[in-house]
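Student: I've got a model open and I'd like to learn how to read it. Can you walk me through it?

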Amino acid sequence: MGIFQRFEKSVEGAVNGVFARAFKGDVQPVEIAARLQRELDAEAKLMSRDKRLVPNDFTVELSPHDHDKLAPYASTLTRELADELRSHAGDRGYVFSGPIRIDLALDERLPTGRFTVSSEAVAGVEVPEAPARTPQPEPRPSVSADDREDRDDRRGRTVPPAGRTGRGTTTLVLEVNGMRHPLQAPGLVIGRGTDADLRINDPGISRRHAEIRVDAEGPGSLDIVDLGSTNGITVDGHKVRHATLREGSRIEIGTTRMLVHDPSAR
């Protein structure tokens, strides 16, 4: 029994045969499965001699008629499709950078029986639980912002610029796949290994790939340093070993894109 026949039998059994009968003449599950497998083959990127990275996030756009028919079975269908993709990837030596996600979306412009597929590799991101911190000294009595500014002016010191909070902290965050990670002193190590502060399940990322350093003494200045990674880092379109980061800086590590920004800015 071929792969598509197995798939049809699996789906048909899961919904007691209703699914297969309901879609006769419309978009068939086996058509979507075949198109998703072709998407893996077309988008596979060589990472090493025996490893190819493939997309794990898919959007299947359907006509209004087909979308209405498929929507009630979306959970069963996407689960079966994901299983088929894992099987196909195992046969071809493909690697996913994160969990498989398949979304059935509506495209009002499509005619019945037609569908499109788009995909991207979205890495899974994990932040290990922070260890217990060493108790800090008792804070000094608070001083109002106006008093501090007057005092600093008298002493000839510079007040930290807007967007900085001083003493190695900033209002900036590192956004990765929709998740925000505050950039605070002393910084964080980005990598695929278990000892990284920000773990990203991307085959193109080394175990300890790069470090973002936040100056603990200055007004929260940011730098990124390559830790001897295999594939390097790119900042604002330039391959670098070291770079200063600021609001709006765009970082690429492996196939993962990151953005430095201030979420409080308007």
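Tutor: Helices (H or I, at least four residues) and strands (E, at least two) are DSSP runs, numbered from the N terminus. This is a predicted model, where local features need pLDDT of at least 70, side-chain atom pairs count only at pLDDT 80 or more, and totals for chains, interfaces and linings use all residues. Residues are numbered from 1 along each chain as its sequence is written, and side-chain values use heavy atoms, leaving out hydrogens and water.

Student: Where is Thr78 found?

Tutor: Thr78 sits in helix α5.

Student: Is Thr78 buried or exposed?

Tutor: Buried means under 20% relative accessible area, exposed over 50%, and partly exposed in between (1.4 Å probe, protein chains only). Thr78 has 18% relative accessibility, so it counts as buried. Across the chain, buried residues make up 40% of the 266 residues.

Student: Which residues does Thr78 touch?

Tutor: Contact means heavy atoms within 4.5 Å. Leaving out residues up to four places away in sequence, Thr78 touches Ile102 and Leu104.

Student: Now the sheet. What order do the three strands have?

Tutor: Strands of a sheet pair through backbone hydrogen bonds, either parallel or antiparallel. Here, two strands pair if DSSP finds at least two bridges between them. This open sheet runs β5-β3-β6, with mixed pairing. Its edge strands, β5 (101-106) and β6 (115-120), each pair on one side only. On average, neighbouring strands of this sheet are turned by 20 degrees against each other, direction ignored.

Student: In what sense do β3 and β6 pair?

Tutor: Antiparallel: β3 (residues 57-62) and β6 are joined over six bridges. Val60 stands opposite Val117 in β6.

Student: Which strands does helix α5 touch?

Tutor: Axes are lines fitted to C-alpha atoms, for helices over the stretch in contact, and angles run from 0 to 180 degrees between N-to-C directions. Helix α5 (residues 74-92) packs on the sheet and touches β3 and β5, its direction making about 135 degrees with that of β5. Helix α3 (residues 29-43) lies across β3, β5 and β6, at about 40 degrees to β6.

Student: How far apart are the end C-alpha atoms of α3?

Tutor: The expected span of a helix is 1.5 Å times one less than its number of residues. The 15 residues of α3 should therefore span 21 Å, and its end C-alpha atoms are 21 Å apart, which agrees.

Student: Which residues of α3 are buried?

Tutor: An α-helix has 3.6 residues a turn, so residues three or four places apart point the same way. In α3, the buried residues include Pro29, Ala33, Leu36 and Leu40.
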